[in-house]
Amino acid sequence: MKKNMGGADRIIRLVLAALVGVLYWQGIIEGTLAYVLIAAAGIFTLTSFISFCPLYSLVGLNTCKVKN
């Protein structure tokens, strides 16, 4: 897998995942919506750590600045 996510993209995903975690912990989101958002937050966290987004590769998007 070739990296296709830049630093800003990774930070935004991690912040969103943390926000969802806090909202769930505070009881602000619950039920089915909470489970869907927690799953999305998990995917955001995983893709941030590996710097690869499968959806980006499908549409040909690359936010990673690679030195040639």
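Mentor: Let us do so, bearing in mind that the model is predicted. Arg13 and Asp9 form a salt bridge, with their closest N and O atoms 3.8 Å apart.

Trainee: How many salt bridges does a search of the whole structure find?

Mentor: Side chains of opposite charge can pair when their charged atoms come close. The cut-off for the nitrogen and the carboxyl oxygen is 4 Å, and the pair Arg13 and Asp9 meets it at 3.8 Å. Over the whole structure, the number of salt bridges found is one.

Trainee: Why are Arg13 and Asp9 separated by about one helical turn?

Mentor: Both residues belong to helix H1, which covers residues 7-25. The separation is about one helical turn because, within H1, Arg13 and Asp9 are four residues apart.

Trainee: Is Arg13 buried or exposed?

Mentor: A residue is buried when its relative accessible area is under 20%. Asp9, the partner of Arg13 in the salt bridge, has 16% and is buried. Arg13 has a relative accessibility of 10%, so Arg13 too counts as buried.

Trainee: How are H1 and H2 oriented to each other, roughly parallel or roughly antiparallel?

Mentor: Helix H2 spans residues 31-50, and its axis comes within 8 Å of that of H1, with a crossing angle of roughly 150°. Angles over 145 degrees count as roughly antiparallel. The crossing of H1 with H2 is left-handed, and the relative orientation of the two helices is therefore roughly antiparallel.

Trainee: How many nonpolar residues has the contact of H1 with H2?

Mentor: From H1, the residues in contact include Leu14, Leu16 and Val20, and from H2 they include Ile38, Phe44 and Phe49. By class, this contact has three polar and two charged residues, and its number of nonpolar residues is twelve.

Trainee: Is Ile12 buried or exposed?

Mentor: Ile12 is found in helix H1, and its C-alpha lies 18 Å from that of Tyr24, twelve residues away in sequence. Exposed means over 50% relative accessible area. With a relative accessibility of 51%, Ile12 therefore counts as exposed.

Terms used
Residues are numbered from 1 along each chain as its sequence is written. This is a predicted model: local features need pLDDT of at least 70, side-chain atom pairs count only at pLDDT 80 or more; totals for chains, interfaces and linings use all residues. Side-chain values use heavy atoms; hydrogens and water are left out. A salt bridge is a side-chain nitrogen of Lys or Arg within 4 Å of a carboxyl oxygen of Asp or Glu. Buried means under 20% relative accessible area, exposed over 50%, partly exposed in between (1.4 Å probe, protein chains only). Axes are lines fitted to C-alpha atoms, for helices over the stretch in contact, and angles run from 0 to 180 degrees between N-to-C directions. Angles under 35 degrees count as roughly parallel, over 145 as roughly antiparallel, 65 to 115 as roughly perpendicular and the rest as oblique. A crossing is left-handed if the near helix is turned anticlockwise from the far one by less than a right angle, and right-handed if clockwise. Contact means heavy atoms within 4.5 Å. Ala, Val, Leu, Ile, Met, Phe, Trp, Tyr, Cys and Pro count as nonpolar, Asp, Glu, Lys and Arg as charged, and the others, Gly among them, as polar.
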